[in-house]
Amino acid sequence: MDVEALRTFVAVAGSGQFQAAADELGISQQAVSKRIAALERQLGATLLVRTPRGSRPSTDGQVLLPHAKRVLAAVEQAEQAVRPGSRPLRVDVLNRRISPAQAVYRFYRSRPGTDLDAVTLSEENAAQAAQAVLEGSVDASFRALPADQVPAGISTERILDAPLELLVGPGHPLAGAPRATPADLAGHRIWVPGIRPGTEWAAFYQALSETFGLSIDALGPHFGDEALMDALADSASLATLVGSGDRYLWPQAHDLRRIPLHDPTPVYPHVLLFRSGDRHPVLTALREHLRSTRPRTPHDVWVPDWVAR
């Protein structure tokens with residue numbers, strides 16, 4: 001059914017005049033007549049009764065009128081839903097503890113009332129998150145996506161590098177070091193529970209392990225971040241890796257130490273994925289904010305060579 005014909009019928013029914021409906025719609029009276037005639041032919045019913053004082057809906061027209069109004073209202077809602085700036089920007093931050101979530105939160109704090117939704121697609125890998133962006137279930141996602149997996153229609157901006165830090169308990173051999181190199185970690189067990197095969201996290205840590213000869217594993221069940229902090233506090237040999245902007249809390253008695261890495265500085269590259277040509281004003285503002293507030297990139301950065309730039 002022609003939506004414009006329905007719109008024209010509703011306009012005539014409301015004004016009672018073909019010319020008034022034509023003026024309202026910005027078309028000619030002849031175009032109004034053609035649209036009404038085409039709609040009547042399609043439905044096989046007379047919708048308007050002509051009288052000396054204008055036109056009024058016929059019995060069939062009265063039945064159609066409320067349905068036509070609901071159809072037009074639904075069309076208007078659909079148009080508004082995809083109009084830039086008419087709905088909240090949905091951003092996948094992957095995990096609420098890590099750098100992307102903190103960066104998006106700081107953006108929101110700098111612009112109170114911004115129409116924004118932060119979601120976590122933690123079960124999807126980078127390729128699946130990119131597909132979610134492409135399909136429109138989210139508007140943007142922070143992922144370390146291999147360059148050869150960026151689908152057509154998706155743009156990327158490497159906008160948030162998170163330098164890695166070693167997190168250890170007070171009994172660890174490196175606990176007193178002000179900083180360490182990746183080479184210093186060789187021979188130490190680095191436990192990163194929760195790494196799932198096939199994810200960008202797994203690919204990143206595999207590349208890190210192979211490049212620097214490290215022992216990084218996800219062996220054993222993952223009972224959550226609190227259990228991880230407990231294990232680090234009780235161990236003289238266990239360590240994990242966290243981003244410098246990640247937010248983790250632990251009891252003061254744990255006395256955990258965050259040790260920056262350098263020479264080179266491994267960074268987890270959170271690449272912003274978004275639909276090419278997306279004009280949502282909040283997306284534009286978010287990108288500008290991230291560019292203007294990101295920390296200075298260390299001169300000795302290391303990232304896997306497969307990361308989209």
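## A buried aspartate and its partner

Aspartate 139 counts as buried because its relative accessibility is 1% (buried means under 20% relative accessible area, exposed over 50%, partly exposed in between, with a 1.4 Å probe and protein chains only). The structure is a predicted model, in which local features need pLDDT of at least 70 and side-chain atom pairs count only at pLDDT 80 or more, while totals for chains, interfaces and linings use all residues. Residues are numbered from 1 along each chain as its sequence is written, and side-chain values use heavy atoms, with hydrogens and water left out.

The side chain of aspartate 139 meets that of arginine 87 in a salt bridge, 2.8 Å from N to O (a side-chain nitrogen of Lys or Arg within 4 Å of a carboxyl oxygen of Asp or Glu). Arginine 87, at 25% relative accessibility, counts as partly exposed. Arg87 and Asp139 also belong to a network of salt bridges with Arg275 and Asp278.

## Other salt bridges

By this rule the count comes to 15 salt bridges. One of them joins glutamate 4 and arginine 35, whose closest N and O atoms are 4.0 Å apart. Glutamate 4 is partly exposed at 34% relative accessibility, and arginine 35 is partly exposed at 23%.

A further salt bridge pairs arginine 189 with aspartate 217 at 2.9 Å, N to O. Arginine 189 is partly exposed, with a relative accessible area of 34%, whereas aspartate 217 is buried, at 14%.
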